[in-house]
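Hi everyone, thanks for making time.

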Amino acid sequence: MNQLSASGILTDAFGTFLGWVSLALVAFKVFTLIDAAFRREDAFRAADKQTKPFWLIILAVGAAVSFVPGMGLFLGLIGLVASIVYMVDVRPAVKRVSPSRGGKNGQKKHDHMGPYGPW
C-alpha cells in the first residue's frame, strides 16, 4: 500500500512537471510570434531572411497547434523547431539590420560603450 501511494505521488509530480514544461514551451512560441510581429518588414528583407508574413504564418501556426487538443506531438515539435530557428537565426539577423531605438532624450544609442563612455 505504501509503495502504491509513493508511485501515485511520483506520477502526479511528473505530470505537474510536464505541465510546467508544456506551459513554458507555449509561452516561448507566443513570445517568438509577438517578437516577429513587432519587427519591421524591411528588416527581414535586408537581413536576407524569409519575409515577415512568412515568419508570422509559420510562428502563428506553431503557436496555435499548442492550443488545439489532440493535434499531436509531431506538429507541436515542428512549431517548437520553427520558434527556435527564429530565435537563434532570424531574430539576431533582423536586430542587426534594424536601427537602434535610441538612448536618453532621443539621442542615438552607442553600440560600443565602455565604462567611461563610447569608444
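Let me begin with a definition: a patch is made of residues with over 30% relative accessible area and no salt bridge, where like charges are joined within 9 Å and nonpolar side chains (Val, Leu, Ile, Met, Phe, Trp, Tyr) within 5 Å. Two notes on the source, then: this is a predicted model, in which local features need pLDDT of at least 70, side-chain atom pairs count only at pLDDT 80 or more, and totals for chains, interfaces and linings use all residues. Residues are numbered from 1 along each chain as its sequence is written, and side-chain values use heavy atoms, with hydrogens and water left out.

Now the patch itself. Phe-14, Phe-17, Leu-18, Val-21 and Leu-25 make up a nonpolar patch on the surface, with about 460 Å² of accessible area together. Areas here come from the Shrake-Rupley method with a 1.4 Å probe, and for residues only the protein chains shown count as cover. Phe-14 sits in helix 1, residues 2-38. Helices (H or I, at least four residues) and strands (E, at least two) are DSSP runs, numbered from the N terminus.

Is Phe-14 buried or exposed? It counts as exposed, because its relative accessibility is 51%; the cut-offs are under 20% for buried, over 50% for exposed, and partly exposed in between, with a 1.4 Å probe and protein chains only.

Stepping back, the protein has 4 helices and 2 strands, in the order α-α-α-α-β-β along the sequence. Of its 119 residues, 23% are buried. The protein exposes about 8,900 Å², and carbon and sulfur atoms supply 68% of that.

On to charges. There are 5 salt bridges in the structure, each being a side-chain nitrogen of Lys or Arg within 4 Å of a carboxyl oxygen of Asp or Glu. In one of them, Glu-41 pairs with Arg-45, with the closest N and O atoms 2.7 Å apart. Both lie in helix 2 (residues 41-46), 4 residues apart, about one turn of the helix. Glu-41 is partly exposed at 30%, while Arg-45 is exposed at 52%.

Lys-49 forms a salt bridge with Asp-89, the closest N and O atoms being 3.1 Å apart. Lys-49 is in the loop between helix 2 and helix 3 (52-67) and Asp-89 is in helix 4 (residues 73-97), so this pair ties together parts that are 40 residues apart in sequence.

Finally, Asp-35, Arg-39 and Arg-91 are linked in a network of salt bridges. Happy to take questions!
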